[in-house]
Amino acid sequence: VVLAYVVDAEADPYSECARLAEVAAAAKAANPRVQLEVFVHKVDGDHFLSEEQKLDCRREVEACARAELAELYSHSSDENDGEAAQAYADDCLRGAAFSLTSIYDHSVFEAFSKLVSRALVPQRVVLRKMLDALVTACDMEKSFLFDVASKVYVATDSAPVDSASYELCADAIDVVLDVASIYAPDKTKEPSDEEPAEPAPQQRSNAASIQLSNGMALVLDEVDSNLALVCLLRTENLEKRDLIDYNLGC
């Protein structure tokens, strides 16, 4: 179970964190296994012109939420035990993730991706191992399994997620889909009575690739109409195209 809570970074942090503490405490009481995901949102205003200011805001929200939870415990307990109050706050925020988000870049989609891949995909361990094997076999830098419609990745390999890599791979989906909509045959068109439908080919089609100006390349493979595998690798490794296609098929 995951609870996603959005904090307005431009609002009063104390009132925002007081409400966050109340919700987190109630959720923990209802289900001790609940996982808290906090989106520190709107970090794109005039108050956040540098990365350091954004990180300071996230640290302030987390510290404030912890303090508010400790205060909630103190008000509900007859004993004035600071250590117990701190332990309660730590328990409520155990495993919680605080992410900086904005609607003007990919950060909100990346934050939702981490939420989904970390907590809502039962097969995440198996998928991660499969993507690790793919990356190793093909000398890739990074791989993502994307939900095509939302650009949220449901799985990735074990390497740390770099925001720039995520943005490149997410944008690649739009590029390939836009080109495919022009040149690919219309798969949704139903055959007429005079033109019976041909059986679907059994062989797997090759993946699309995009070469970037920085010496890197993207390979996209459509798993089905909803999922796409997008991989980042060095351009020279595209020479192993047969190996890449083989491993994508596996």
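## Strand E2 and the basis of the model

Six of the seven residues of E2 are buried, so this strand is largely enclosed by the rest of the structure. Buried here means under 20% relative accessible area, with exposed being over 50% and partly exposed in between (1.4 Å probe, protein chains only). Strands (E, at least two residues) and helices (H or I, at least four) are DSSP runs, numbered from the N terminus.

The model is predicted: local features need pLDDT of at least 70 and side-chain atom pairs count only at pLDDT 80 or more, while totals for chains, interfaces and linings use all residues. Residues are numbered from 1 along each chain as its sequence is written, and side-chain values use heavy atoms, with hydrogens and water left out.

## Overall composition

The protein chain contains seven helices and eight strands. Of its 250 residues, 38% are buried. Its accessible surface comes to about 14,800 Å², and carbon and sulfur atoms account for 52% of that area. Accessible areas come from the Shrake-Rupley method with a 1.4 Å probe; for residues, only the protein chains shown count as cover.

A contact means heavy atoms within 4.5 Å. Among contacts in the protein chain between residues at least 6 apart in sequence, 63% join residues at least 24 apart.

## The parallel sheet

Three strands form an open sheet in the order E1-E2-E3, with parallel pairing. Strand E1 (2-8) and strand E3 (97-101) are the edge strands, each pairing on one side only. From one strand to the next, the twist averages 25 degrees. Two strands pair if DSSP finds at least two bridges between them. Between E1 and strand E2 (residues 35-41) there are seven bridges in the parallel sense; Ala4 stands opposite Glu37 in E2, and Asp8 stands opposite His41 in E2.

Helix H2 (residues 51-76) packs on this sheet and touches E1, E2 and E3; its direction makes about 145 degrees with that of E3. Helix H4 (residues 107-120) also packs on the sheet, touching E1, E2 and E3, and its direction makes about 175 degrees with that of E2. Axes are lines fitted to C-alpha atoms, for helices over the stretch in contact, and angles run from 0 to 180 degrees between N-to-C directions.

At 1.5 Å a residue, the 18 residues of helix H1 (residues 13-30) should span 26 Å, and the end C-alpha atoms of H1 are 25 Å apart, which agrees. The expected span is 1.5 Å times one less than the number of residues in the helix. The buried residues of H1 are Glu16, Cys17, Leu20, Ala21, Val23, Ala24, Ala25, Ala27 and Lys28. These buried residues pack against E1, E2, H2, helix H3 (82-92) and E3.

Ser99 lies in strand E3 and is buried, with a relative accessible area of 14%. Not counting residues up to four places away in sequence, Ser99 touches Val38, Phe39, Val40 and Ala111.

## The antiparallel sheet

Five strands form a second open sheet in the order E5-E4-E8-E7-E6, and the pairing is antiparallel. Strand E5 (152-156) and strand E6 (208-211) stand at the edges with a single partner strand each, so one side of each is left without a neighbour in the sheet. Neighbouring strands are turned by 25 degrees against each other on average, direction ignored. E6 and strand E7 (residues 216-222) run antiparallel and are joined by four bridges, and in E7 the bridge partner of Gln211 is Ala217. Helix H5 (residues 124-138) packs on the sheet, touching strand E4 (140-147), E5 and strand E8 (227-234); the direction of H5 makes about 140 degrees with that of E4.

Ala217, in strand E7, is buried with a relative accessible area of 0%. Leaving aside neighbours within four places in sequence, Ala217 is in contact with residues including Ile210, Leu212, Cys231 and Leu238. Ala217 and Leu233 are 16 residues apart in sequence and 5.4 Å apart in space, C-alpha to C-alpha.

## Cysteines

A disulfide is a covalent bond between the sulfur atoms of two cysteines. With the criterion of a pair of cysteine sulfur atoms within 2.5 Å, the count comes to zero disulfides. Cys17 counts as buried at 0% relative accessibility; the closest cysteine sulfur to that of Cys17 is in Cys64, at 3.5 Å, too far for a bond. Cys169 likewise counts as buried at 0% relative accessibility, and the sulfur of Cys169 is 7.6 Å from the closest cysteine sulfur, in Cys231, too far for a bond.
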